[in-house]
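The structure is shown first.

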Amino acid sequence: MRMNNSRRLGPFLIVVALLIFIVSLLISNSLVNALEMHVKDMEAHVKGLETHVVGLEKLVEERRQEELNKMKLWVEAMRSINSADENTDLNLALSVLESNNTIPVVVLDSCGNVNSYRNIDLPAGCDTLALVNAVVERAKEKGYVISMDMDPYDGYLNICYDESLVLSRLSDILEAQSLLLDSQSVLLDSQSRLLLRLSYYPYVQLTVVVLFFIICILAVLSSKRAEQNRVWVGLSKETAHQLGTPISSLMAWTEVLKEKYPDDELLPEMERDVARLQRVAERFSKIGSMPEPSLEDIAHVIKGVVEYMKRRSPAGVEYKMELPEEQLLVRMNVPLIEWVVENLCKNAIDAMDGKGRIVVTVGQNDDRAFIEVADTGKGIAKSQRKRVFEPGYTTKKRGWGLGLSLAKRIMEEYHKGRIFIKKSSQGGGTTFRMELKK
């Protein structure tokens, strides 16, 4: 039932991920399209506003030039009146002077005193001199000052003028329009950057979906691996439980045989085999729990395993050990490491069809100790090397294919080491290598 649920979980998660991706993609596309339309409308609006501002600038400049020309003409009219004699017709000059009804004008003498002024709005009760001086200050700041030479005895006059009311209002409108154009340009720039970021959003979504798929796959694989582990642990504990009864019987029968045949040479071997069966059952019972490691001489442990296997192997199998002369202490669980080496030796015997040579090497390299089990058997094809540690994989007619799978778990999960095929060739044998931290 759990396996069926695990198999259904994967497609369900894939469908959910696809639906999430499609819906979010449609939403993001609609947002991008709406924002694109908005940005285009803003661009058209900004272009229209730019055209309006440019036209307004031209109008203001033309009006400013027109007022400058009027003031120059006004100054010339004053100069004509000042230099006129009794026979000069002043009607035209007076007409020019009277025609200026919009441009504020202040006439200053050579000492800077106000001589006269016109077209300045003076509210009742206000400080007239202050208002006139304000016009003079604005004129000087803007450069609206025209000097007019008088006769050599009277010196000169400064004609200060300000923008007319119409020009002043046009300038204010131009300034407001320019500020509006700047704010619209800033807003358009921010909208364009936002649109650019949104254009990358589908790729972000795709990345999120890919990560979601990876997480789902890892979750399914983890669930499957956990379920397999539960199966192997349950199988191992059940095996240990089932072995308990016959082992107890064998121990009892051994005691009976010792009483009847105390001098029989085979009884010690039988006792050793029963003790070995007890250790096998103990190993199976420890699968699934974290065994306590102890500091042991690995060479001594491996020597004991090889000696045991040598007495119980076919006569055609030759064993050779290459062990270090000095002690090599490694923290490990002895029964489990013995079981792994025994399993490798049994596999080697099967690969050699009961006739060949097994070389067991123990050594150290940097911070690791290693055990190598080499045989002269059939070898393992390259295409099958990655599968040999998978649960259920076997080339034997009889067998469950759990030996190397459990050996890998013992090395990696319980001892934080590793086991792998160091080398193998068709007909040239196989070398398995186990590595443990010292």
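Glu-62 has its place in helix H1, which covers residues 2–83. In this predicted model, Glu-62 has a relative accessible area of 54% and is exposed, because the cut-off for that class is over 50%. Between Glu-62 and Asp-41 there are 32 Å in space, C-alpha to C-alpha, for a separation of 21 residues in sequence.

Helix H4, residues 165–260, contains Leu-221. With 41% relative accessibility, Leu-221 is classed as partly exposed. Leu-221 also belongs to a nonpolar surface patch, together with Leu-206, Val-210, Leu-211, Ile-214, Ile-217 and Leu-218. The accessible area of this patch is about 610 Å² in total. In an α-helix, residues three or four places apart point the same way, because there are 3.6 residues a turn.

The two residues with a stated relative accessibility are listed here.

| Residue | Relative accessibility | Class |
|---|---|---|
| Glu-62 | 54% | exposed |
| Leu-221 | 41% | partly exposed |

Helix H7 runs over residues 334–351 and has 18 residues. From first to last C-alpha, H7 reaches 26 Å, close to the 26 Å expected at 1.5 Å a residue. H7 is largely enclosed by the rest of the structure, because 14 of its 18 residues are buried.

Both ends of H7 have a local feature to record. Just after H7 comes Asp-353, whose phi is positive at about 55°.

Note on methods:
Residues numbered from 1 in each chain as written. Predicted model: local features only at pLDDT ≥ 70, side-chain atom pairs only at ≥ 80, totals over all residues. Heavy atoms only, no water. Patch = residues over 30% accessible without salt bridge, like charges linked within 9 Å, V, L, I, M, F, W, Y side chains within 5 Å. Areas by Shrake-Rupley, 256 points an atom, 1.4 Å probe, with all protein chains shown as cover. Salt bridge = Lys/Arg side-chain N within 4 Å of Asp/Glu carboxyl O. Helix = DSSP H or I, 4+ residues; strand = E, 2+ residues; numbered from the N terminus. Buried < 20%, exposed > 50% of the residue type's maximum accessible area, 1.4 Å probe, protein only. Expected span 1.5 Å × (residues − 1).
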